[in-house]
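Please examine the sequence and the structure before reading on.

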Amino acid sequence: MASRRFRPFLISTALAAGLALWSGPTTAETLTDALITAYQTSPLLEANRAALRNLDENVPQARANRRPQVGASISGQTGTTVEELDFGVAGIEASLNATLLLFDNGQTAAAVEAARNQVASGRADLKDIEQLVLFNAVQAYVDVRRDEEFVRLAVNDVDRLDETLSATQNRFDVGEVTRTDVSQSEARLAESRSQLAAARGQLEISREAYRAAVGVAPGNLERLPTLPDLPATLEEATAIGIQRNPQVVAAQFNERAAVYNFDRALAAKGPTISVGGSVGVERLRQNPQVDYDGSTFGQASISANLPLYTGGRNDSLVRQAQAVLDQRRFQVQDVARQVTQQVAAAWAELQVAQASIVARRQQAEASRIAAEGVAEEARLGARSTLEVLDAVQENLQAEAQIVQALRDEYVASYALLRAMGLLTVEHLRLGIESYNPDVYFSKVQSGPRGGYDTSAVDRIRQRWER
């Protein structure tokens, strides 16, 4: 009698656990929906986009040194005559002044290029944050799906053990089993209820993690799509990561910016030449009884400056820039090592998960058959109630481990995409418009008519996005 109660549960769990993460209602919320929502509503992304716009402003600020500087000034003088004791304005002067830097030994040019490379590095940093946001959404989605399945398995286990306890109690009432068998069933049912409570608690934790990652509470989550296409070998994946990972790209642009900052420090030791001019009007009066006498004036000047001794400041700036450049070069090497490790780790986790899925499915099938056999033998009196409970529990654990392995395979696949730098809106084909940093960059340059020429930065960006 007991085996008839166990058999339907064993068959249903064997079928359900293997398909749980890959099936669901057709009208549910999809993974693509979650990724789009996370991308479009993430405050972390908005904060880093604002940080990038802050970097954009460094380019026009650097260019400003080679553009005319124009200002206006006005001043007045007061005077008194002792006899009249008349305190009043004795003169007013207003002028318009302009200066233009003609030559600065390449300081401005180096500053502009350093700023442009910092912008390119900032764009790579933003790509890295975008990947983090999308990866967190994927992981949160899969975790909710996994924990929902754990709860379903736990509910089924409680129902099964409740029926088992009733059957054992009936058998005890007619003298087929002992009180020990009843107690064993009661203990296993209590344990199963505890595991159900834990599974429900973990599901709530995962739902809140989903809310934090995506921005909304999870609804009725659809089945997961097929796994993304991945390279065939670890070597291919590593090569892509070294070329495309945003951390590597950012480090490379930081190194280039440091080269230009070093050039700027050297250039500061050279001469500068500038021209200036001013026009204005001056109105004076000699005593209170005389109206103002007005006159206009204008002047032009050219000046050159060569720093001969700065107390060691310029030499210190050169050494400092060299140290920063050395730092950036070593950071490129270090980041390349980190990315190589990230790719290898994700690849290994993916291989382990895939092997685990195969082994766990074999284990689940074998444990299902064994549990059914133990239940049948128990009906004939050859097995104890505890042996039946243990056999079914082993099968349940194998089914749960399949669910976990499927989750691990999916997360490892997207972790590998992230390590390669491919976890992007474009590569995932989410069907939405991604953030375009060129829009703000072009708007704030205040360059010649037609906008600031961003072709250099565009070429740099396109090179590492290919």
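## The nonpolar core

In this predicted model, Leu428 touches Leu35, Leu134, Tyr414, Leu417 and Leu423, when neighbours within four places in sequence are left aside. Leu428 is also one of the residues with the most contacts inside the largest nonpolar core, which has 59 residues. Others in that group include Leu31, Leu35 and Tyr210.

Among the elements that give two or more residues to this core are helix H2 (31-41), helix H6 (179-214) and helix H11 (425-428). Helix H5 supplies the largest share, 16 residues. Apart from this core lies another, of seven residues, among them Ala371, Ala375, Ala378 and Val392.

## Two crossing helices

The axes of helix H7 (residues 234-244) and H9 come within 9 Å and cross at roughly 140°. This crossing is right-handed. On the H7 side, the contact involves Leu234, Ala237, Thr238, Gly241 and Ile242; H9 contributes Ala336, Val339, Thr340, Val343, Ala344 and Trp347. Of these residues, eight are nonpolar, three are polar and none is charged.

## Salt bridges

The whole structure contains 19 salt bridges. In one of them, Glu46 pairs with Arg49, and the closest N and O atoms are 3.0 Å apart. The two residues are three residues apart in helix H3, so about one helical turn separates them. Glu46 is partly exposed, at 39% relative accessible area, whereas Arg49 is buried, at 6%.

Lys127 and Glu130 form another salt bridge, at 3.8 Å from N to O. Both belong to helix H5. Lys127 is buried at 16% relative accessible area, and Glu130 is buried at 6%.

Terms used: Residues are numbered from 1 along each chain as its sequence is written. This is a predicted model: local features need pLDDT of at least 70, side-chain atom pairs count only at pLDDT 80 or more; totals for chains, interfaces and linings use all residues. Side-chain values use heavy atoms; hydrogens and water are left out. A nonpolar core is a set of buried Ala, Val, Leu, Ile, Met, Phe, Trp, Tyr and Cys residues joined through side-chain atoms within 4.5 Å. Buried means under 20% relative accessible area, exposed over 50%, partly exposed in between (1.4 Å probe, protein chains only). Helices (H or I, at least four residues) and strands (E, at least two) are DSSP runs, numbered from the N terminus. Contact means heavy atoms within 4.5 Å. Axes are lines fitted to C-alpha atoms, for helices over the stretch in contact, and angles run from 0 to 180 degrees between N-to-C directions. A crossing is left-handed if the near helix is turned anticlockwise from the far one by less than a right angle, and right-handed if clockwise. Ala, Val, Leu, Ile, Met, Phe, Trp, Tyr, Cys and Pro count as nonpolar, Asp, Glu, Lys and Arg as charged, and the others, Gly among them, as polar. A salt bridge is a side-chain nitrogen of Lys or Arg within 4 Å of a carboxyl oxygen of Asp or Glu.
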